[in-house]
Amino acid sequence: MIFRILIFLFIAASCGARDFNEAYAASVLSNLEQLIDKPWSRVNNILFSAFNSKWSYLYQGDDVETPSRPDGIVKYVTSNNTRELLWALFKPFEYEESTLINMAYLGFENGMFIGYSTPSPGSLTFMSNGNHSCPKWNITSRCRSVYGGNSTDPVTGEISGESTSAFTYDPRWRPWYTESMTQGGSVWTDPYIYSDEITIGLTAARQIVSNSDQILGVVGTDFTLASIEIELSVIALEDMFIFIVDQFGKMIAASVSGISVDGAKQLYANATNHPLVSNIALHIEKDALVDGGLGGWSHANGTVFSINIDQKGLHWVQVVDLTDEHNLKWHVVI
């Protein structure tokens, strides 16, 4: 079952240090709007460049001569020149938004996968189709090869050396692919564990559709929960605290590191070791009539309340909504 992502962002202000500041709240909302727009801006740029500026057709199936441009010029479309085109599109990721978006990639219906990761010096990830093999790594099919360091030409992206690592992979079974195919169009995935089996993050994913309305695959951009945490630490003022949870009350990120996840497991906000986070969560989850709480996360929007945390003083908390057109919903609490 696919769930719409519901995220609550909390900003708690200490009454002793600063009166509640609506201008600051507006500034936080503006920063977050820019934050959630970045991956979609990149996805749209990739699709526009591939289909409008460069090709009207991306490689699918065998290498064949295919009319691949709107002007009708026949180009020999192969997995190699498809990879070279996408390398050129992904290359700016090494320098732009590297703290937020850590990988951009395309997965195709035939199992082909092309991706580019941002950590310097960056690396190309490539598999030509579902039968891609890597004899060097004793993988006979569904092999995803990683070319890091000097294994690729820094200008063209041409593979100039041996792969630096490899593992078994099938993009068609990954959450970013299946959720986009199931829901259609563009989607935010729920948080999930990436293929390295260590990192947790979200993906902004959109279907790739040809000029003849054939679904070719999915384009996606990743950002990890850790990278969102970095952004929150920049936004938060000295006496402010920010944290984000999903629709189930699980932590997404916070302006203080080390409280959102335990290894590769998301923590519930009401069970974190941070007293401000856990007490706010418990107050919101209490029954409104019986316990004086808000009656759950779905009732939090538009509320303002104060909460007294032992040894940390009185804090104001306000809840407002931040949504986008891709079914992401954040509740900003100040």
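Student: In this predicted model, what share of the contacts with a separation of 6 or more comes from residues 24 or more positions apart?

Tutor: Such residues account for 51% of the contacts in the chain with a separation of 6 or more, where a contact means that heavy atoms lie within 4.5 Å.

Student: Where is Ser255 found, and which residues is Ser255 in contact with, leaving aside its neighbours within four places in sequence?

Tutor: Ser255 is found in the loop between strand S14, residues 251-254, and strand S15, residues 261-262. With those neighbours left aside, Ser255 is in contact with Leu232, Ser233, Ala236, Phe241 and Ile242.

Student: How much of the chain is buried?

Tutor: Buried residues make up 53% of the 334 residues in the chain, and the chain has five helices and 19 strands.

Student: What makes a group of residues a nonpolar core, and which members of the largest one touch the most other members?

Tutor: The members must be buried residues of nonpolar kinds, such as Leu, Ile and Trp, joined through side-chain atoms within 4.5 Å. The largest such core has 41 residues, of which Leu32, Trp188, Ile228 and Trp330 touch the most other members. Helix H1, residues 22-54, gives this core its largest share, nine residues. A second, separate core has 20 residues, including Met251, Ile280, Ile307 and Val317.

Key
Residues numbered from 1 in each chain as written. Predicted model: local features only at pLDDT ≥ 70, side-chain atom pairs only at ≥ 80, totals over all residues. Heavy atoms only, no water. Helix = DSSP H or I, 4+ residues; strand = E, 2+ residues; numbered from the N terminus. Buried < 20%, exposed > 50% of the residue type's maximum accessible area, 1.4 Å probe, protein only.
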